[in-house]
Amino acid sequence: MISNLLAGLLGYPLGHTVSPVLHRAAAAQFNMDLNYFPFEVEKHNLKDALKGMQVLGFSGCNVTIPYKEHILEFVTEQSDVVKFLGAANTLTFRGNMIFADNTDWEGFLRSWDESGLGSIEGKSAVILGAGGAADAVFYALVRRGIKETYIFNRDKERGEKLAEKFAGSYPNLQCKAYALSYKSGLSSILKTADILINTTPSGMHPAPENMPVSIPSTINESLVYYDLIYNPVKTKLAQELEKRGIKTACGLGMLVHQAALAFKRWFGMEPNPAPMFEKAMEILGK
Ligand code: NAP
């Protein structure tokens with residue numbers, strides 16, 4: 001038994017996070033005695049919280065909403081992906097150093113591949129939302145050779161900024177941004193789009209009756225849908241799309257894989273995601 005290992009999660013608020021369960025399920029595979037603590041920390045205490053974890057011998061921590069961007073102020077080194085995204089979800093402590101990385105985008109791709117939603121290369125995608133998760137997903141799509149992307153966000157300007165960032169770095173990519181309220185535009189694009197991804201929290205617990213958009217009467221029959229929400233495991237929008245014959249996947253796979261990748265950053269060993277997924281499903285319900 002490898003004993004007394006420490007890791008944690010920084011966020012505010014945290015509610016009932018699944019992360020401790022995921023990391024315990026990962027540690028069990030290597031007979032490791034890992035203590036993973038969720039820490040609800042206020043913004044003005046973030047720096048001290050990091051110092052505390054370093055002093056206490058933590059191997060690393062995850063970072064979640066709303067600190068994925070702000071945390072970069074306190075790290076000593078950033079991976080290239082973090083530099084591009086401007087956000088980190090995984091910190092690794094080594095002596096006085098704090099390395100920031102982002103495993104969300106790769107977690108998304110691994111989950112995508114497991115979900116059997118098909119290839120991304122050369123396809124067109126509609127992304128609902130333009131926050132940190134949209135940024136990571138956009139990056140993942142670009143890495144896999146997406147051809148066209150359409151961002152729909154409540155705050156149109158925020159969507160435009162995200163589109164400009166990617167267009168500036170990837171000149172062959174076609175990307176446009178619209179307001180989420182531009183229903184006729186969404187209807188028209190969904191007639192031919194290959195991929196629809198929800199990165200907004202609309203439809204998430206405790207308001208599962210919500211949907212970020214309503215489904216237009218005509219959509220591409222071979223559209224595939226990925227919802228980053230994992231609680232509930234199947235959102236109302238995913239259910240509605242399935243009734244229309246659309247293949248869907250939920251964000252639990254992404255959550256599991258980003259955790260498995262973080263675990264590897266800290267401890268050097270990559271856990272099997274299947275037992276982590278099972279434990280999460282026990283909590284979230286089938
Ligand atoms: P964020 O940076 O705060 O961005 C939230 C985005 O959602 C913004 O674009 C915001 O639009 C939009 N939005 C918020 N409430 C909305 C509503 N009621 N209707 C329509 N749009 C709404 O948050 P984030 O980090 O991107 O996270 C977004 C979601 O992804 C959360 O539900 C989070 O749990 C999930 N997530 C899942 C995973 C996973 O592993 N499965 C990983 C990361 C995130 P405005 O810009 O107009 O405010």
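Visitor: Which residues does the domain assignment give to domain 1 and which to domain 2?
Guide: The assignment gives residues 2-102 + 255-285 to domain 1 and residues 105-250 to domain 2; such bounds come from an automatic or database domain assignment. This is a predicted model, in which local features need pLDDT of at least 70 and side-chain atom pairs count only at pLDDT 80 or more, while totals for chains, interfaces and linings use all residues. Residues are numbered from 1 along each chain as its sequence is written, and side-chain values use heavy atoms, with hydrogens and water left out.

Visitor: What makes Arg110 and Glu270 a salt bridge?
Guide: The term requires a side-chain nitrogen of Lys or Arg within 4 Å of a carboxyl oxygen of Asp or Glu. The closest N and O atoms of Arg110 and Glu270 are 2.5 Å apart, so the pair meets the definition. Side chains of opposite charge can pair when their charged atoms come close.

Visitor: Why is this pair said to tie together separate parts of the sequence?
Guide: Arg110 lies in helix 4 (residues 104-115), whereas Glu270 lies in the loop between helix 9 (252-267) and helix 10 (273-284), so the pair ties together parts that are 160 residues apart in sequence. Helices here are DSSP runs of H or I, at least four residues long, numbered from the N terminus. Arg110 and Glu270 also belong to a network of salt bridges with Glu106 and Lys264.

Visitor: Why is Lys243 called exposed, and what is Glu240 called?
Guide: Buried means under 20% relative accessible area, exposed over 50%, and partly exposed in between, with a 1.4 Å probe and protein chains only. Lys243 has 66% and is therefore exposed, while Glu240, at 27%, is partly exposed.

Visitor: What makes Lys234 and Glu242 a salt bridge?
Guide: The closest N and O atoms of Lys234 and Glu242 are 3.0 Å apart, and the pair therefore qualifies. Lys234 counts as partly exposed at 37%, as does Glu242 at 32%. The structure holds 11 salt bridges.

Visitor: How many residues of each domain are in contact with the other?
Guide: Contact means heavy atoms within 4.5 Å; 16 residues of domain 1 are in contact with 17 residues of domain 2. The two domains bury about 1400 Å² between them, 65% of it on carbon and sulfur atoms. That figure is the accessible area (1.4 Å probe) that two parts lose on being put together, summed over both. In domain 1, Phe84, Leu85 and His257 lose the most area to domain 2, together 42% of what that side buries.

Visitor: How many salt bridges does the rule find across the interface of domain 1 and domain 2?
Guide: The rule finds 1 salt bridge there. On the side of domain 1 that touches domain 2, helix 3 (80-85), helix 9 and helix 10 each give two or more residues, and helix 9 provides the largest share, 5 residues.
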